[in-house]
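Me: I'd like to learn how to read a fold feature by feature. Could you walk me through one?

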Amino acid sequence: MPQLSNRLSELAARVAELEAEREMTLRLAQTDSLTGLVNRGAFTSGLCERLEAARENGAQVGLFVIDLDRFKHLNDSLGHHAGDLLLAELGRRLREDAGPDDLIARLGGDEFALVTSDVDVSGRAERLLTVLGQQQLIYGRAVAPGGSVGVAVFPQDAQDAADLQRFADMSLYRAKSDGGRRWSRFDAALREESERRRTLEDELRRAIPAGEIEPWFQPIIDSMTGRMVGVEVLARWRHPEKGLLAPGAFVPMAEELGLIRAIDEAVFEAACARTAPWVAEGLIESVACNVSPRDLLDPAFSRKLIGRLSRTALPATALTVEITETFLLQDLALSRRHIERLAAKGVNVALDDFGTGYSNLRALMHLPIQTVKLDRSLIDDVGRDSRVSKLVASLLHAARSLGVRIVAEGVENESQALFLRSAGCEPSIRVRNPHIAVRAFEGPRNVIWRSCATTFAPSRCSPS
């Protein structure tokens, strides 16, 4: 009997030990290791529980989302360890400021959240701004990046956790857009904006299969002769009510919704079909298409593009695919596979935004890249700022020595064009200047630098 009692005691002790280990594991899974606050997963479930309790009791719940204003600058100047020290200290201060029933979480990066039943929204928001603005010594340096706060309240602003978080984020974005170091509460203006966006999202999903996203074309001008030698494909949304929308009005939204690939494919196929007759008639020589970094991360991207191209009448040698320099840094091995596969089919590959990043000359030496595009941010100051002029001249010299063709993007006046010619830039220069619309291949254009538009729709070749 004593032996059985001992075994039962040992078993009970082991069960208690396993239960303690389980609780510890669960707590660690719900805790942010840097600050000791709850993490995003635990925050989401905790917010839902509090909203359910408030719904039963007829109470209010305030959600405050918090974001530091100059955290990236701190990381860049003092290093990531300094940033971690600041985040840990901020977590401690938020915990000390919190009430007994408040839920404080680190959502990730420099973003935090507070869930509270405190109905004094303005008073609590001001307290949070004070906490964010307090100085802290890091490596002997006083640091006070400050922060912004966005607020939404249940049930006045939202009826569920998803909308409450979305509305608080919208309020935070407004606070940061207004200069930071302030707080903003969700209101009627933001609600109207939210409804407008939701409607636009629904319309965008419908617009892609309906063929409303269509290609428009930016001319590529030969700077020596003034002749248009090619076009760059741009996307426009022909909205049935709002008219023609530029990419900035829908591309960021498409990326968030995961629709950008469908848009790219639709615009690519329509552009190839539209421009194939222009190439066949000798009206232009090349068609340039941008590729999003998300598409490039697909290992099958180049095979899919070649397949789509084969279903059109556009020759592979007339197509130029533009990739960003940053993608080369992201995944050089995958970049090489895509570039070599496209080049083997005769497709030209251009390196976009050259001169704004690392100016990867090594990639130009070892990859079959035929063209680099000087970013327009460089061209804006060329001929006016001697340092920029020297930089552009050196980039031109380096690329030319590697046998790579140069395209200058954003040339808007003759002085820029003259400098590029004298520095040895190849003749093709993209021109952006929205003074007039270039309608067709109808006679000479004598004033190139002041008259070429950003987009055009050639009437001679259009289906209409």
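Me: Is Leu 200 buried or exposed?

Reply: First, the ground rules. This is a predicted model, where local features need pLDDT of at least 70, side-chain atom pairs count only at pLDDT 80 or more, and totals for chains, interfaces and linings use all residues. Residues are numbered from 1 along each chain as its sequence is written, and side-chain values use heavy atoms, with hydrogens and water left out. Buried means under 20% relative accessible area, exposed over 50%, and partly exposed in between (1.4 Å probe, protein chains only). Leu 200 has 15% relative accessibility, so Leu 200 counts as buried.

Me: Which residues does Leu 200 touch?

Reply: Contact means heavy atoms within 4.5 Å. Setting aside residues up to four places away in sequence, Leu 200 touches Trp 237, His 239, Lys 242, Ala 249 and Met 253. Take Ala 249: it sits 49 residues from Leu 200 along the chain, with 9.7 Å between the two C-alpha atoms. Leu 200 itself belongs to helix H7 (residues 188-210). Helices (H or I, at least four residues) and strands (E, at least two) are DSSP runs, numbered from the N terminus.

Me: How many helices and strands does the chain have?

Reply: The chain has 18 helices and 16 strands.

Me: What is the strand order in the open sheet of five strands?

Reply: In general, strands of a sheet pair through backbone hydrogen bonds, either parallel or antiparallel. Here, two strands pair if DSSP finds at least two bridges between them. The order is S2-S3-S1-S6-S7, and the pairing is mixed. Strands S2 (103-108) and S7 (183-185) are at the edges with a single partner strand each, so one side of each has no neighbour in the sheet. S1 (residues 61-68) and S6 (residues 147-154) run antiparallel, joined by eight bridges. In that pair, Leu 63 has Ala 152 of S6 as its bridge partner.

Me: Which strands does helix H5 touch?

Reply: Helix H5 (residues 121-133) packs on the sheet and touches S1, S3, S6 and S7. For directions, axes are lines fitted to C-alpha atoms, for helices over the stretch in contact, and angles run from 0 to 180 degrees between N-to-C directions. H5 makes about 155° with S6. Helix H2 (residues 40-57) lies across S1, S2, S3 (111-116) and S6, at about 140° to S2.

Me: How many disulfides does a search of the whole structure find?

Reply: A disulfide is a covalent bond between the sulfur atoms of two cysteines. The test used is a pair of cysteine sulfur atoms within 2.5 Å, and the search finds zero. For Cys 289, the closest cysteine sulfur is in Cys 272 at 5.6 Å, too far for a bond. Cys 289 is buried at 7% relative accessible area, while Cys 48 is partly exposed at 39%.

Me: Where is the cis peptide bond?

Reply: The bond runs from Phe 154 to Pro 155, with omega near 5°. Pro 155 is in the loop between S6 and helix H6 (161-177).
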